[in-house]
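Subject: Structure handover

Hello,

Here is the structure I promised to pass on. Please open it beside this message and follow along.

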Amino acid sequence: EVGGDFYYVLDGQTVVVGDVSGKGLKAAMLVSLAIGSLRAIPDRRPGPLLSALSRAAAGQMEGGFITCCCVHFGANGELTIANAGHLTPYLDGAEATVHTGLPLGLVPDGTDGETVVALRPGGCLTLLSDGVVEAENPQRELFGFERTREISTKPAQEIAGSAKAWGQNDDITVVTVRRTVS
């Protein structure tokens, strides 16, 4: 099976998590476009990186879009975050307060807004796709934001497993980063 969720690590310091609208082969082909573009963009700062990715996607989306969150891990736990319509990342069990722009591919210039936050020693940052919060059980109850927040400091595999067990109906991507050094 192929889908529209992706994550990519650039130069060991920048993580990009995204979700292409749509399903199947078309979404997977757009993921390939996104990953290829990410590799070719020289500016690794989150805002300019997402703006360049939006320019690359514009005109290729056939009415679709890409939500994307990009985090650069700097010295002393400094995180620079740019968010283009994607779910807000969780920082130590709470939604981080970040600037959120439009999804990529809707307008050529995309987003260049960035937010800087600190990840404390022992702290946890979790990025995920909507497949987690939109997991739906047989009673049509969503996994939701509250349950997601409650488990957001768990390892990625455990978060994804909880959403799958609840009732997976979409791609699920979870990336958890824990700061282990001061």
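Below is what I found, from the whole chain down to single residues.

**The model as a whole**

First, a caution: this is a predicted model. The chain has five helices and 10 strands. Its radius of gyration is 16 Å, close to the 16 Å that the globule rule gives for 182 residues, so the chain is as compact as a globular protein of that length. Along the principal axes, the C-alpha atoms fill a box of roughly 40 × 40 × 25 Å.

How much of the chain is buried? Of the 182 residues, 51% count as buried. The accessible surface comes to about 8700 Å². Carbon and sulfur atoms account for 51% of that surface.

Now the contacts. Take those between residues at least 6 apart in sequence. Of these, 64% join residues at least 24 apart.

The chain carries 14 positive and 21 negative charges.

**Salt bridges**

Side chains of opposite charge can pair when their charged atoms come close. The structure holds six salt bridges. I cover some of them here.

Start with Asp 11 and Arg 44. They form a salt bridge, and their closest N and O atoms are 2.9 Å apart. Asp 11 counts as exposed because its relative accessibility is 56%, over the 50% cut-off. Arg 44, at 22%, counts as partly exposed.

Next, Glu 146 and Arg 149. What is the distance between their closest N and O atoms? In this salt bridge it is 2.4 Å. Both residues lie in helix 4 (residues 144–151). They are three residues apart, about one turn of the helix. Glu 146 is partly exposed at 45% relative accessibility. Arg 149 is partly exposed too, with a relative accessible area of 33%.

Then Glu 136 and Arg 140. Their closest N and O atoms are 3.8 Å apart, and the pair forms a salt bridge. Glu 136 is partly exposed, at 24% relative accessibility. Arg 140 is exposed, with a relative accessible area of 64%.

**Positive phi angles**

Most residues other than glycine have a negative phi. Look at Asp 11 again. Its phi is near 55°, a positive value in a residue other than glycine.

Asn 76 has a positive phi as well, near 60°. Where does Asn 76 lie? Its place is in the loop between strand 3 (66–73) and strand 4 (78–84). Asn 76 counts as exposed, with 68% relative accessibility.

**Two buried loop residues**

Ser 152 lies in the loop between helix 4 and helix 5 (156–167). Is Ser 152 buried or exposed? Its relative accessibility is 1%, under the 20% cut-off, so Ser 152 counts as buried. Leave aside its neighbours within four places in sequence. Ser 152 is then in contact with Tyr 90, Gly 93, Ala 94, Cys 124, Thr 126 and Ile 159.

Gly 123 is in the loop between strand 8 (115–118) and strand 9 (124–128). Gly 123 counts as buried, at 0% relative accessibility. Which residues does Gly 123 touch, not counting residues up to four places away in sequence? They are Asp 92, Val 177, Arg 178 and Arg 179. Gly 123 and Ile 66 are 57 residues apart in sequence. Their C-alpha atoms are 28 Å apart in space.

**A glycine in helix 1**

Gly 36 has its place in helix 1. Gly 36 is partly exposed, with a relative accessible area of 36%. Leu 53 is 17 residues away from Gly 36 in sequence. In space, the two are 9.8 Å apart, C-alpha to C-alpha.

**Where to look first**

Begin with Asp 11. It pairs with Arg 44 in a salt bridge, and its phi is positive. Then turn to Ser 152 and its contacts, among them Tyr 90 and Ile 159.

Best wishes

Notes. Residues numbered from 1 in each chain as written. Predicted model: local features only at pLDDT ≥ 70, side-chain atom pairs only at ≥ 80, totals over all residues. Heavy atoms only, no water. Salt bridge = Lys/Arg side-chain N within 4 Å of Asp/Glu carboxyl O. Buried < 20%, exposed > 50% of the residue type's maximum accessible area, 1.4 Å probe, protein only. Helix = DSSP H or I, 4+ residues; strand = E, 2+ residues; numbered from the N terminus. Rg over C-alpha atoms; globule rule 2.2 N^0.38 Å. Contact = heavy atoms within 4.5 Å. Areas by Shrake-Rupley, 256 points an atom, 1.4 Å probe, with all protein chains shown as cover. Lys, Arg positive; Asp, Glu negative; His and termini not counted. Charge placed at Lys NZ, Arg CZ, Asp CG, Glu CD.
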